[in-house]
Every structure is written in structure tokens, then in C-alpha cells.
Amino acid sequence: MMTTVQAGPLPGTTLPIGARLVAGIGCSSAADVAEIVALVEQCLVELGAAPASLIGLVSHSRKANHPGLLAAAQHFDIPVRLLDDAELRADMPTPSPRVLAAIGQPSIAEAAAAAVGPLLLAKRRSSHATCALALCDGRLDMQAQASSPRASIAASTLSTSCAGP
């Protein structure tokens with residue numbers, strides 16, 4: 001089954017001024033930092049968002065030690081928030097039968113991004129990764145996961161908190 005993904009933001013999407021975005025990332029073990037960074041940057045451009053609006057990466061807990069994901073967070077100087085199965089959102093626009101068969105979840109990138117806020121850009125694919133963008137609306141604190149791997153963060157908690165100032 002092939003899924004067609006519309007170009008551009010999801011219907012009815014307006015990017016608010018000062019938007020704080022998260023990138024939901026799904027990736028295989030073959031995905032490296034360059035591929036993940038390029039995909040995230042491509043998604044930001046497609047949404048019309050500045051790289052500075054990206055405040056975190058979010059993915060599945062099974063990616064806790066994925067070197068490409070962790071290095072991508074370091075590249076953007078943002079935290080990584082990992083979610084377990086129960087925290088992922090259901091009923092995403094572009095489920096993957098392949099991902100469902102492999103790990104029992106129909107979506108990672110979209111489901112992880114939507115757990116943080118409204119989905120703005122449905123998943124986009126590269127060879128070994130997927131990325132979806134969501135507006136961080138405060139439903140999930142990007143800083144709350146004390147045991148998660150993180151990029152080295154020079155910015156204050158205020159600059160990366162979904163809740164804002």
C-alpha cells in the first residue's frame with residue numbers, strides 16, 4: 001500500500017508568529033546524522049519555518065542510543081524527548097504498515113510529534129528516516145525527561161520549554 005502525502009503543511013495550518021516547533025523523528029539504524037539533519041531542515045523549509053523555531057526532537061524510546069538522532073539534536077543544540085508506546089498519539093494521517101509490522105506502532109514520526117502538539121507537517125521520508133513537525137503547545141514538557149539523552153544545551157530552560165516564558 002502506497003501512501004500519498006500532500007505537499008506543504010496540513011490543510012488549515014497557519015504557522016503562528018514565534019511558533020515553537022518539535023520534529024518527530026522515526027529512523028532505522030542506518031540513518032546517520034547528516035540524513036536526519038537534512039530531512040529536518042527540508043521539513044522546516046517546506047513549512048516556512050526558521051531553524052531557530054525548532055526547540056526539540058521527539059522519538060520513540062527504542063531510539064535512546066541512536067547515534068544519528070543524538071548527533072542531530074547536538075547539531076541543532078536542542079533536547080531529545082523519548083516517548084514510550086502509551087505516549088504516542090494514534091490515528092495519524094500517514095500510517096506505515098511496515099512500521100506497524102516491525103514494532104507494533106503504525107507511526108513514529110507523526111505520532112511522536114503529535115504527542116507534543118498539533119501536527120503541522122505530515123511525515124516526510126528520506127532513505128532511512130521520517131520527520132513530522134508539530135507546534136509545541138505545552139502538553140508535553142520537552143525538559144521533563146531527566147533520564148533522556150540530550151544535546152548539550154547552552155540555552156536556558158525558557159528557550160526550550162513548550163510552555164514558553
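Here is a quick briefing on how this chain is put together.

This is a predicted model, in which local features need pLDDT of at least 70, side-chain atom pairs count only at pLDDT 80 or more, and totals for chains, interfaces and linings use all residues. Residues are numbered from 1 along each chain as its sequence is written, and side-chain values use heavy atoms, leaving out hydrogens and water. The protein chain has 5 helices and 5 strands, where helices (H or I, at least four residues) and strands (E, at least two) are DSSP runs numbered from the N terminus.

**Overall layout**

- Going along the sequence, the protein chain reads β-α-β-α-β-α-α-β-β-α.
- Of the 165 residues in the protein chain, 49% are buried; buried means under 20% relative accessible area, exposed means over 50%, and partly exposed sits in between (1.4 Å probe, protein chains only).
- Among contacts in the protein chain with a separation of 6 or more, 66% come from residues 24 or more positions apart; a contact means heavy atoms within 4.5 Å.

**Helix α4**

- All the residues of helix α4 (residues 109-116) are buried, 8 of the 8, so this helix is largely enclosed by the rest of the structure.

**Where α1 meets α2**

- Helix α1 (residues 33-47) packs on helix α2 (residues 67-76) at an angle of about 55 degrees, and their axes are 8 Å apart. That makes α1 oblique to α2.
- For the geometry, axes are lines fitted to C-alpha atoms (for helices, over the stretch in contact), and angles run from 0 to 180 degrees between N-to-C directions. Angles under 35 degrees count as roughly parallel, over 145 as roughly antiparallel, 65 to 115 as roughly perpendicular, and the rest as oblique.
- From α1, the residues involved are Val33, Ile36, Val37, Val40 and Glu41, and they meet Gly68, Leu69, Ala71, Ala72, His75 and Phe76 in α2.
- By class, the contact of α1 with α2 has 8 nonpolar, 2 polar and 1 charged residues. Here Ala, Val, Leu, Ile, Met, Phe, Trp, Tyr, Cys and Pro count as nonpolar, Asp, Glu, Lys and Arg as charged, and the others, Gly among them, as polar.

**Cysteines**

- The structure holds 0 disulfides, a disulfide being a pair of cysteine sulfur atoms within 2.5 Å.
- Cysteine 43 is in no disulfide, and the nearest cysteine sulfur, in cysteine 131, is 3.8 Å away. Seen from cysteine 131, the closest cysteine sulfur is that of cysteine 43, too far for a bond at 3.8 Å.
- Cysteine 43 counts as buried because its relative accessibility is 0%, and cysteine 131 counts as buried at 0% too.

**Individual residues**

- Threonine 130 lies in strand β5 (residues 129-135) and is buried, with a relative accessible area of 16%.
- Leaving aside residues up to four places away in sequence, threonine 130 touches Gly24, Ile25, Gly26, Leu39, Ala109, Lys123, Arg124 and Arg125.
- Glutamate 87 sits in the loop between β3 (80-83) and α3 (97-103), and counts as partly exposed at 32% relative accessibility.
- Proline 97 lies in helix α3 and is partly exposed, with a relative accessible area of 46%.
- Proline 97 and serine 107 are 10 residues apart in sequence and 8.8 Å apart in space, C-alpha to C-alpha.
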